[in-house]
Amino acid sequence: MPELPEVEALASFLRGCAVGRVVARVDAPGIHVLKTYDPPVTSLAGLSIENVARHGKFLDLTVGGLHLVVHLARAGWLHWRESLPSAPPRMGKGPLGVRVHLDDGSGFDLTEAGTQKRLAVYVVRDAHVVPGVARLGIDPLSEEFTEAALAGLLAGVRSQVKGVLTDQSLIAGLGNAYSDEVLWEVGLSPFKPAGNLAGEEVTRLHGVIVHTLREAVRRADGLAAGKLKAEKKSGLSVHGRTGLPCPRCGDTVREVSFATKSLQYCPTCQTGGQPLADRRLSRLLK
Ligand SMILES: [Zn+2]
């Protein structure tokens, strides 16, 4: 799933190749991805792309005073195409949700792999009317994300720190992968209650969140949309690396599985050497 660094890089990439272009046509073969109908997505035709911004994990293209807001969710992606076929795509079937043709023949496809159907596209007059955008908490790369602000979010919270870091209404843009990386870097168990963190742990957590995201943005910046996934994967130390050695201590990276996703951690670095109970497994054994 694209998180803050990848969405930031996509925004930056589009600023370079789409801003200033006029939308020639919009095809929406995956009608279910459209979450708004007024104004219709076809009303973008003839308008020029003025800016591309990011809100948390949402991409926001300003198009002639309207906003094309995209949430890629877990399996969605934006494919930039130097040359798009002019024939209209077939409706309904396949991964293509929305295709935006630009005036020079280039454009982009918004696609979703698999059957999840969580890619969401909105055409609105103000990006903040999109419920997911309206709910967003502090952007961790903004000036408001101070150590005191993080301490405030964590104080008195009984939820596990992993849940707090990935709650978009608290911190906007951090997801499953980068939260695993941050917790590993700090040496915290993902299940530690957020309110129990010592002052010194909060200080380190703050520093590591900012550093991890800035580094990922720096590595991803300037890459074409098609290269971002590989770049993200190559920069990860524990996330998605179950069974492989921890790059710091050599212990085996383990995972905890949930219904539709899993988190990864290093027992030696994060949980005093104790493997965490796999909740899916524990439930089966009850
Ligand atoms: Zn380790």
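Trainee: Which residue in strand 3 stands opposite Arg 54?
Mentor: This is a predicted model, in which local features need pLDDT of at least 70, side-chain atom pairs count only at pLDDT 80 or more, and totals for chains, interfaces and linings use all residues. Residues are numbered from 1 along each chain as its sequence is written, and side-chain values use heavy atoms, with hydrogens and water left out. Strands (E, at least two residues) and helices (H or I, at least four) are DSSP runs, numbered from the N terminus. In strand 3, the residue opposite Arg 54 is Leu 59.

Trainee: Over how many bridges do strand 2 and strand 3 pair?
Mentor: Two strands pair if DSSP finds at least two bridges between them. Strand 2 covers residues 49-55 and strand 3 covers residues 58-63. They pair in the antiparallel sense, and the count is 6 bridges.

Trainee: Which residue in the turn between strand 2 and strand 3 has a positive phi?
Mentor: The two strands form a hairpin with 2 residues between them. The positive phi, of about 55°, belongs to Gly 56.

Trainee: How many salt bridges are there?
Mentor: A salt bridge needs a side-chain nitrogen of Lys or Arg within 4 Å of a carboxyl oxygen of Asp or Glu. Counted by this rule, the total is 16.

Trainee: How many residues apart in sequence are the parts that Lys 232 and Glu 3 tie together?
Mentor: Their side chains meet in a salt bridge at 3.7 Å, N to O. Lys 232 lies in helix 7 (residues 228-234) and Glu 3 in the segment before helix 1 (4-17), so the separation in sequence is 229 residues.

Trainee: Is Glu 3 buried or exposed?
Mentor: Buried means under 20% relative accessible area, exposed means over 50%, and partly exposed lies in between (1.4 Å probe, protein chains only). Glu 3 has a relative accessible area of 1%, so the term is buried.

Trainee: Where does Glu 185 lie?
Mentor: The side chains of Glu 185 and Arg 248 meet in a salt bridge at 4.0 Å, N to O. Arg 248 lies in the loop between helix 7 and strand 9 (254-257), and Glu 185 in residues 176-186, which form helix 5.

Trainee: Which helix holds Arg 219?
Mentor: Arg 219 and Glu 231 form a salt bridge through their side chains (2.6 Å, N to O). The pair links distant parts of the chain, 12 residues apart, with Glu 231 in helix 7. Arg 219 sits within residues 199-220, which is helix 6.
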